[in-house]
Amino acid sequence: MENGYTVEQLRTAAIDAIRAPSLHNVQPWRFRLRDGAIEVLIDPARRLPATDPSGWGARLAAGAALFNLRLALAVAGTPATVRLRPYPSEPDVVARLVPDVPRRPTPAEQNLHAAIPRRFSNRAPFWPDPVPADARWRLADAARTEHCWLELLIGVSAVNAFAEIAHSANRVLERDPAYRAERHAWIRREYAPDGVPVTAGGPLAEPQDLLPARDFGDRHRPPGRDFEPEPLVAVLGSPGNTAVDQVIAGQAMQRVLLTATDSGLSVSMLSQPVEVPSAREQLRVSLGRFGAPQMVMRVGYGQPGWPTPRREVDEVLDLPVHHHA
């Protein structure tokens, strides 16, 4: 097709898109070409009915993949115009991208794009070094650029108040056997292209921990390897909480994560207080914000690690079928 994207452009961009994060690393996305446009879809076969009954997590993940896709296309000189949730009758299609005017990528786009393969969730304790003001400003600016807000909780009392909300949310979730079973089903003890490898799970939670951690690993930590006493906690929120807001929040989350990676920072995600509606509302009120918290991140300086595996790109592409008369 003359003025649309090609299969090759879709494939190249999708290689970056699939590096996005997702709950339990389920990778709930698909990509297809339709009439020269690239479409991002949620894969109904990869839903988490117990952990993510509303589909919020899948939409956030698809938004993050969409942000990587936008970056990849821009860096290739073929930026896109994006329409979110373009078909009311097809709610699983989260976005449609059509080619915009070709242009050279900006240095900022190139830096964020280069961070895609290096980004990973660091669930281990961070060093005690504080995150400097200019790096904090860049994270908040990244969220604003994508029409969301980022509230940084600074100081012991703010973090302690958040920790209380997070722990009570975690207790509510952990009481549900289906939730526990679902998490368990996505822990990987041998190499797998999806799920959370035991090695990436972080140390097992202990009673003295300030923030709750999901149990993905089986590693007990040596004495003295506790989590940082004053973590920088960042709450990402969107103006509303519709399905479109959640896709927008996913894009903002990914821009924040890549900005953090580009700044040499480590991040792990805490979504328990967002998954429990009463905790989410408590968190919103405690911040004095409108809209809806969509993700909480722990930010700091950590030891280097490795991104978790991803499925092969060809497994997530739906290529156009040529019909013969």
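Q27 sits in the loop between helix 1 and strand 1. Helices (H or I, at least four residues) and strands (E, at least two) are DSSP runs, numbered from the N terminus. The model is predicted, so local features need pLDDT of at least 70 and side-chain atom pairs count only at pLDDT 80 or more, while totals for chains, interfaces and linings use all residues. Residues are numbered from 1 along each chain as its sequence is written, and side-chain values use heavy atoms, with hydrogens and water left out.

Stay with Q27 for a moment. Its relative accessibility is 1%, so Q27 counts as buried. Buried means under 20% relative accessible area, exposed means over 50%, and partly exposed lies in between (1.4 Å probe, protein chains only). Q27 is not a glycine, yet its phi is positive, about 55 degrees.

H24 is found in the loop between helix 1 (7-17) and strand 1 (29-34). H24 also has a positive phi of about 55 degrees, although it is not a glycine. At 3% relative accessibility, H24 counts as buried. What does H24 touch, leaving out residues up to four places away in sequence? Its contacts (heavy atoms within 4.5 Å) include L48, T51, E182, R183 and W186. G195, V196, R214 and F216 are also among them.

Now go to helix 4. Helix 4 has 13 residues, 133-145. How far should helix 4 span at 1.5 Å a residue? The expected span is 1.5 Å times one less than the number of residues. That gives 18 Å, and the end C-alpha atoms of helix 4 are 18 Å apart, which agrees.

Which residues of helix 4 are buried? They are A135, L139, A140, A142 and A143. These residues cover an arc of only 150 degrees around the axis, which puts them on the same side of helix 4. The arc is that of the directions from the helix axis to the C-beta atoms. An α-helix has 3.6 residues a turn, so residues three or four places apart point the same way.

Look at the other side of helix 4. There A133, D134 and W137 are exposed. The buried residues of helix 4 pack against strand 5 (149-153), strand 8 (232-238), helix 7 (243-262) and strand 10 (292-300). Helix 4 is followed by H147, whose phi is positive, near 65 degrees.

Strand 10 holds Q294. Q294 is buried, with a relative accessible area of 0%. Leaving out residues up to four places away in sequence, Q294 touches several others, including W56, L60, L236, G237 and S238. G240, N241, Q246, A249, V274 and R280 are also among the residues that Q294 touches.

Next come the charged pairs. Side chains of opposite charge can pair when their charged atoms come close. A salt bridge is a side-chain nitrogen of Lys or Arg within 4 Å of a carboxyl oxygen of Asp or Glu. How many salt bridges does a search of the whole structure find? The search finds 21.

Take R96 and E39. Their side chains meet in a salt bridge of 2.7 Å, N to O. R96 lies in strand 4 (residues 93-99) and E39 in strand 2 (residues 37-42), so the pair ties together parts that are 57 residues apart in sequence. R96 is buried, with a relative accessible area of 15%. E39 is buried too, at 0% relative accessibility.

R103 and E109 meet in another salt bridge, 2.8 Å from N to O. Here R103 counts as partly exposed, at 37% relative accessibility. E109 counts as buried, at 15%.

R255 forms a salt bridge with E146, and their closest N and O atoms are 2.9 Å apart. R255 lies in helix 7 and E146 in the loop between helix 4 and strand 5, so this pair ties together parts that are 109 residues apart in sequence. Both R255 and E146 are buried. Salt bridges that share partners also join R32, R34, E39, E90 and R96 into one network.

Finish with two helices. The axes of helix 5 (residues 156-174) and helix 9 (residues 277-287) come within 10 Å and cross at roughly 170 degrees. That makes helix 5 roughly antiparallel to helix 9. F162, I165 and A169 of helix 5 make the contact with A279, Q282, L283 and S286 of helix 9. Axes are lines fitted to C-alpha atoms, for helices over the stretch in contact, and angles run from 0 to 180 degrees between N-to-C directions. Angles under 35 degrees count as roughly parallel, over 145 as roughly antiparallel, 65 to 115 as roughly perpendicular and the rest as oblique.
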